[in-house]
Amino acid sequence: PVSGPILEKYVEDRRVLLPGTPIVKMGDMTTLEIECDVLSEEVVKVKPGNPVEISGRALGDAAHTGTVKRIYPSAFMKISALGIEQQRVKVIIAFDEPVPALRPGTRLDVKIVTAENQDVLAVPERATFRREGQWHVFTVENGRARITPVTIGLKNDDLAEIVSGIGPDAIVVTEPRNDLEDNARVTPKR
């Protein structure tokens with residue numbers, strides 16, 4: 001008992017059907033969910049109820065929110081676009097509000113928020129690097145680049161939380177080149 005548009009039609013002409021043979025697939029557009037594949041090493045951080053940021057060309061410039069509804073209990077193997085075999089786990093995400101323009105089978109981008117901190121010191125993620133098992137940044141002191149060890153908290157694709165090592169007044173080299181060395185003379189760009 002579902003009302004909604006017909007998504008697929010399996011039988012074109014009149015004919016005798018066996019009981020249980022699918023005839024059409026109908027959809028309730030107000031209850032669409034997202035099924036995404038998460039790498040098995042990353043899914044351990046995901047919990048039902050985690051907030052999700054949803055975007056994609058199918059949504060235009062609009063960003064929507066959702067919530068992790070279910071995490072499948074088993075993983076499966078999938079070949080990535082680069083030809084690498086990866087183990088993944090299916091995760092079901094529910095929209096917080098119905099999205100009228102969305103259609104089944106649409107490709108979307110999701111970011112699952114697994115942890116969040118407010119009012120923290122953060123630097124661009126690309127400013128951090130590892131050396132001898134320790135995170136570092138280049139700070140600028142008296143016109144010279146200094147390698148400064150730091151402790152990093154949460155990290156995403158854009159920012160890294162600095163727990164200790166530098167203060168909020170520190171000047172950080174945001175895009176260090178590979179040939180930048182300790183005590184090298186630098187000039188800030190404005």
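Q: What is the volume of the largest pocket, and what makes a region a pocket?
A: The largest pocket of this predicted model has a volume of about 1,200 Å³, the volume being the space filled by probe spheres set on grid points joined across faces, edges and corners. On a 1 Å grid over the protein atoms alone, a pocket is an open set of points with protein on both sides within 12 Å along at least five of seven lines, and lining residues have an atom within 4 Å of a point. By that criterion 27 residues line the largest pocket, and the closest to its centre are Ile112, Val113, Thr114, Lys155 and Asn156.

Q: Which element gives the most to the lining of the largest pocket?
A: That element is β3, with four residues; strands are DSSP runs (E, at least two residues), numbered from the N terminus.

Q: Why are β9 and β11 said to stand at the edges?
A: The open sheet has three strands in the order β9-β10-β11, with antiparallel pairing. Two strands pair if DSSP finds at least two bridges between them. β9 (129-131) and β11 (144-149) each have a single partner strand, so one side of each is left without a neighbour in the sheet.

Q: How do you know that β9 and β10 pair?
A: β9 and β10 (residues 134-141) are joined over three bridges in the antiparallel sense, and the requirement is at least two. The bridge partner of Arg131 is Gln134 in β10.

Q: What conventions apply to the model?
A: Residues are numbered from 1 along each chain as its sequence is written, and side-chain values use heavy atoms, with hydrogens and water left out. As the model is predicted, local features need pLDDT of at least 70 and side-chain atom pairs count only at pLDDT 80 or more, while totals for chains, interfaces and linings use all residues.

Technical notes. On a 1 Å grid over the protein atoms alone, a cavity is a set of points where a 1.4 Å probe fits but cannot get out, and a pocket is an open set with protein on both sides within 12 Å along at least five of seven lines; lining residues have an atom within 4 Å of a point.
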